[in-house]
Amino acid sequence: MPGRLPLAEQLDAFCATLGRNEILTEVMARTATLDLPGWYVTAGCLFQTVWNVVTGRPATQGIKDYDVFYFDDTDLSWEAEDAVIKAGQELFGDLRAEVEIRNEARVHLWYERKFGVPCPPHDSTESAIDRFAATTCCLGVRPEPGGQWRVYAPHGLSDVFNLVVRPNPVLAPREVYEAKAARWKEEWPQLTVLPWPADPSA
């Protein structure tokens with residue numbers, strides 16, 4: 001039960017588990033060649049790899065896409081981000097997976113139109129990861145020089161290994177969390193989905 005191990009051992013187990021997803025490790029290796037500032041592979045492809053391994057499924061099963069976040073506030077134009085996206089499409093074109101690259105410095109420019117609530121500008125890739133709808137999503141991994149992996153996990157790893165989905169009500173609205181959680185529960189029925197917290201002003 002990795003979720004009950006000391007944190008350092010959880011981290012080792014986490015990296016070993018992710019290493020079983022060959023698409024994920026290839027995405028990380030190729031993304032490193034793009035030299036994007038502050039980048040991480042993040043979100044679903046990480047925790048869903050763990051869920052698959054914990055529940056005895058193939059490591060890549062049910063993973064919709066592989067998200068790559070980076071942070072470049074020197075050019076907030078769509079054209080600059082689109083150039084990176086197109087470079088990624090060429091780089092990942094032969095993989096059996098969709099890889100989605102996004103500049104988190106630009107999120108505040110479009111978030112409200114998509115989700116109906118304003119998003120303060122992020123000041124780093126980490127601050128973007130902090131604001132995912134579920135704490136389970138708040139993960140980022142990238143290889144560092146020397147072969148070690150940098151792991152950003154502000155809420156730890158126990159919930160990920162224990163198949164717990166916990167809300168993170170700091171930005172995304174309740175309906176976003178509940179829609180994602182329902183989709184995940186259908187794919188991974190062993191999940192424990194915790195409810196959105198009650199409105200304290202109600």
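Two strands pair if DSSP finds at least two bridges between them; helices (H or I, at least four residues) and strands (E, at least two) are DSSP runs, numbered from the N terminus. The model is predicted, so local features need pLDDT of at least 70 and side-chain atom pairs count only at pLDDT 80 or more, while totals for chains, interfaces and linings use all residues. Residues are numbered from 1 along each chain as its sequence is written, and side-chain values use heavy atoms, with hydrogens and water left out.

**The sheet**

- Five strands form an open sheet with mixed pairing, in the order E3-E2-E1-E4-E5.
- Strand E3 (99–103) and strand E5 (149–152) are at the edges with a single partner strand each, so one side of each has no neighbour in the sheet.
- On average, neighbouring strands are turned by 30 degrees against each other, direction ignored.
- Strand E1 (residues 40–42) and strand E2 (residues 66–70) run antiparallel and are joined by three bridges; Thr42 stands opposite Asp67 in E2.
- E2 and E3 run parallel and are joined by five bridges; the bridge partner of Asp67 in E3 is Glu100.
- In a regular strand the side chains alternate between the two faces of the sheet.
- Buried means under 20% relative accessible area, exposed over 50%, and partly exposed in between (1.4 Å probe, protein chains only).

- Axes are lines fitted to C-alpha atoms, for helices over the stretch in contact, and angles run from 0 to 180 degrees between N-to-C directions.
- Helix H4 (residues 78–92) also packs on the sheet, touching E2 and E3, and its direction makes about 160 degrees with that of E3.
- At the start of H2, a side-chain oxygen of Asn21 comes to within 3.1 Å of the backbone nitrogen of Ile23.

**Packing of H1 and H3**

- Helix H1 (residues 7–18) and helix H3 (residues 44–54) pack at an angle of about 90 degrees, and their axes are 9 Å apart.
- H1 and H3 are therefore roughly perpendicular to each other, a term that covers angles of 65 to 115 degrees.
- H1 contributes Phe14, Thr17 and Leu18 to the contact, and H3 contributes Leu46, Thr49, Val50 and Val53.

**Buried loop residues**

- Thr136 lies in the loop between helix H6 (125–129) and E4, and counts as buried at 2% relative accessibility.
- The side chain of Thr136 reaches the backbone oxygen of Val164 at 3.1 Å.
- Not counting residues up to four places away in sequence, Thr136 touches Phe47, Trp51, Val160, Val164, Val165 and Arg166.
- Ala43, in the loop between E1 and H3, is buried with a relative accessible area of 6%; its phi is near 65 degrees, a positive value in a residue other than glycine.
- Leu163 is found in the loop between helix H7 (158–161) and strand E6 (164–165). Leu163 is not a glycine, yet has a positive phi of about 60 degrees, and it counts as buried at 10% relative accessibility.

Terms used. Parallel < 35°, antiparallel > 145°, perpendicular 65-115°, else oblique. Contact = heavy atoms within 4.5 Å. Polar contact = N/O pair within 3.5 Å; in protein donor to acceptor, adjacent residues only side chain to side chain.
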